[in-house]
Structures are given as C-alpha cells and as structure tokens.
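Here is a quick briefing on one protein chain. Take a look at the structure first, then read the points below.

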Amino acid sequence: MDLIKMHPMARKMNAHNEGLEKAIEDGEADTAREHLREIIKYAATLEEDLEFVIKKAETEVVTPDKESDHMSPVIKHNE
C-alpha cells in the first residue's frame, strides 16, 4: 500500500484519539474503551503497511539496464 493511501487511516485514528480524550474527560469508560480498540486497530494496520513499504524500498533494485528509464529528455534543435 502506498504511503499516500495511508492518510485516511491516519485521519480515522486521529478522530478516535480525539474521541478517546473526550470520553476520558466525560468519564465514559465504555466509549473510551471502544475508541482505544479502534486506535490500536488502525495503528496496527498502519504499522504493517509502513513495514511493507520499507521492505519494498529496501529490496527494490535500480539498475542502469534499461537506459530509457534513466535518461533525461533531450531537446533537439534544427540547424
């Protein structure tokens, strides 16, 4: 999963974090527990996705075998 795709999950986790803070302030233990479960779920998913992206980046080999992949565009001028 791309890092860009993780942003919605991070936003959802943040919303649950805010909900947890409010539930704690209001003394609502059951609601706080629900928000905490969701935070843990989203954090675990984000961790797995991040580990996948890091491993992929570490194992991806970039070689100059394909010249067209590594060449800069050239402007040709007529004389």
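## One histidine and three salt bridges

His 35 lies in helix H2, which covers residues 29-59. The model is predicted, and a search of the whole structure finds three salt bridges.

**Confidence**
- The chain has a mean pLDDT of 80. A value of 70 or more is reached by 68% of its residues.
- Confidence is highest in H2, at a mean of 90. It is lowest in helix H3 (residues 67-70), at a mean of 56.

**His 35**
- Is His 35 buried or exposed? His 35 counts as buried because its relative accessibility is 18%, and the cut-off for buried is under 20%.
- Setting aside neighbours within four places in sequence, His 35 is in contact with His 16, Gly 19 and Leu 20.

- Lys 22 pairs with Asp 26 in a salt bridge, and their closest N and O atoms are 2.9 Å apart.
- Both residues lie in helix H1 (residues 3-26), four residues apart, or about one turn of the helix.
- Asp 26 has 42% relative accessibility, so Asp 26 counts as partly exposed.

- Asp 30 forms a salt bridge with Arg 33, with the closest N and O atoms 3.1 Å apart. The two are three residues apart in H2.
- Asp 30 is exposed, at 53% relative accessible area. Arg 33 is partly exposed, at 44%.
- Glu 38 and Lys 41 join their side chains in a salt bridge of 3.0 Å, N to O. They are three residues apart in helix H2, so about one helical turn separates them.
- Glu 38 is partly exposed, at 23% relative accessible area. Lys 41 is partly exposed, at 43%.

Methods. Residues are numbered from 1 along each chain as its sequence is written. Side-chain values use heavy atoms; hydrogens and water are left out. Buried means under 20% relative accessible area, exposed over 50%, partly exposed in between (1.4 Å probe, protein chains only). Contact means heavy atoms within 4.5 Å. pLDDT is the predictor's confidence in each residue, from 0 to 100. A salt bridge is a side-chain nitrogen of Lys or Arg within 4 Å of a carboxyl oxygen of Asp or Glu.
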